[in-house]
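Subject: A structure for you to look at

Hi,

Here is the structure I promised to pass on. Have it open while you read, and follow along in the viewer.

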Amino acid sequence: MEIAKSTELATLSHKQSSFAGPPHEALFLVLAYLPLFELLSMSEVCRSLRDAVEKDVLPWLNVIVERPLSLRLSDEILMKIASKANGRLRTLVLMYCAKITDDGLQRVIDQNPLISKLHIPGCTGLTPDGVIRALQKLSDCQDGLKSLWINGIANMKKEHLERLQFYLQTNQKLPQIQQTRQPLLYHNYRRLRAYRWEELGRVIDVELCPKCNEVRVVFDCPREECKRKRENSMTGCRMCMFCIPRCEECGKCVENGDLEETVCADTLCLDCWIQLPKCNFCNKPCCTQHANMQIASTGSTGWICSVCHDKSDDFE
């Protein structure tokens, strides 16, 4: 958030005053931590920032592509961006970049064998075999990968996962990372930035779901009884999101008979449903993530949801 504000302020300052002095030195220190969209925006602020972005390798060692650029990123553009690291790329995060293919990813990996973080969730143009080839190349490096995120790669099977885990074992720091392993809760996962995945002590984001045996993200549960089952090596409700619904607010498992109605159609447990404020008309809450569906009610306290607002002619 603070980085985004710095980018906006720098752009605004340049537009308001064409005779302004050079940018503050702190802006040059920020460049190495910017996602790609903000980094490219900074290059348009002034000549000195443009030169710093174009000529300095440091900002390109960690390439993070998110929306809106992820929708337009192609193999050619990715290759052009990755080449700015001069073979020293360490982090490659491609969030839902559907146009990236196996060949495009492999070209980047071949020129950047020192990548230690590879996050490619939702890249539907990639195949399991393509990911395995990329990981095999990276495993030849002395340190190997310390973080891999592949949730959303289609047709990923048990045998693919086993091969990926085999190549990940080449990382000598793997035992140290796994010692800090923490439970993965659904509501935290939804808010987790892809490039912070290793903070949970997990090298790979997917595993075999104990119930359906599909390769998916498997979640733990914060309920005390579920925690006790997990501590006693019992599966309990530790499953993927397709096998058991979970509360958007607290991550607890929710049985089908306990599902509560919400404005946003997301799942809430009874405890969170009671605590959240309700629409003045339909008496349904919406989760924190969809608070934008709340419209202030004219002439009374509280709010009405966008659904009720559209149905009523009494509100403007």
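This is a predicted model: local features need pLDDT of at least 70, side-chain atom pairs count only at pLDDT 80 or more; totals for chains, interfaces and linings use all residues.

Look for an open sheet of four strands, ordered 1-2-3-4, with parallel pairing. Strand 1 and strand 4 (147-149) sit at the edges with a single partner strand each, so one side of each has no neighbour in the sheet. From one strand to the next, the twist averages 5 degrees.

Now zoom in on strand 1 (residues 62-65) and strand 2 (residues 91-94): they run parallel and are joined by four bridges. To get from strand 1 to strand 2, the chain passes through helix 5 (residues 75-82), and this β-α-β crossover is right-handed. If you want to find the bridges yourself, Val63 has Leu92 as its partner in strand 2, and Ile64 has Val93.

Which residues of helix 5 are buried? They are Asp75, Leu78, Met79, Ile81 and Ala82. These cover an arc of only 165 degrees around the axis, which puts them on the same side of helix 5. On the face turned away from that buried side you'll see the exposed residues Glu76 and Lys80. The cover over the buried residues of helix 5 includes strand 1 and strand 2, along with helix 3 (36-42) and helix 6 (102-111).

Helix 8 (residues 158-168) is worth a look too: its buried residues are His160, Leu161, Leu164, Tyr167 and Leu168. Look down the axis of helix 8 and they fall within an arc of 125 degrees, so they line one face of the helix.

**The rings**

There are four aromatic pairs in the structure. In one of them, Tyr186 and Phe219 have ring centres 5.1 Å apart and planes at 90 degrees, so the pair is edge-to-face. Tyr186 is in helix 10 (residues 186-191) and Phe219 is in strand 7 (residues 218-219), so to speak distant parts of the chain, 33 residues apart. Both Tyr186 and Phe219 are buried.

Phe219 also pairs with Tyr189: here the centres are 5.2 Å apart and the planes are at 70 degrees, so this pair is edge-to-face. Tyr189 lies in helix 10, 30 residues from Phe219. With 13% relative accessibility, Tyr189 counts as buried, and Phe219 does at 1%. Ring pairs link Trp149, Tyr186, Tyr189 and Phe219 into a cluster.

Happy browsing!

Key:
Residues are numbered from 1 along each chain as its sequence is written. Side-chain values use heavy atoms; hydrogens and water are left out. Two strands pair if DSSP finds at least two bridges between them. Helices (H or I, at least four residues) and strands (E, at least two) are DSSP runs, numbered from the N terminus. A crossover is right-handed if, with the strands pointing away from the viewer, the path from the first strand over the helix to the second runs clockwise. Buried means under 20% relative accessible area, exposed over 50%, partly exposed in between (1.4 Å probe, protein chains only). The arc is that of the directions from the helix axis to the C-beta atoms. Axes are lines fitted to C-alpha atoms, for helices over the stretch in contact, and angles run from 0 to 180 degrees between N-to-C directions. Contact means heavy atoms within 4.5 Å. Rings of Phe, Tyr and Trp (its six-membered ring) pair if their centres lie within 6.5 Å; planes under 30 degrees apart count as stacked, over 60 as edge-to-face and the rest as tilted.
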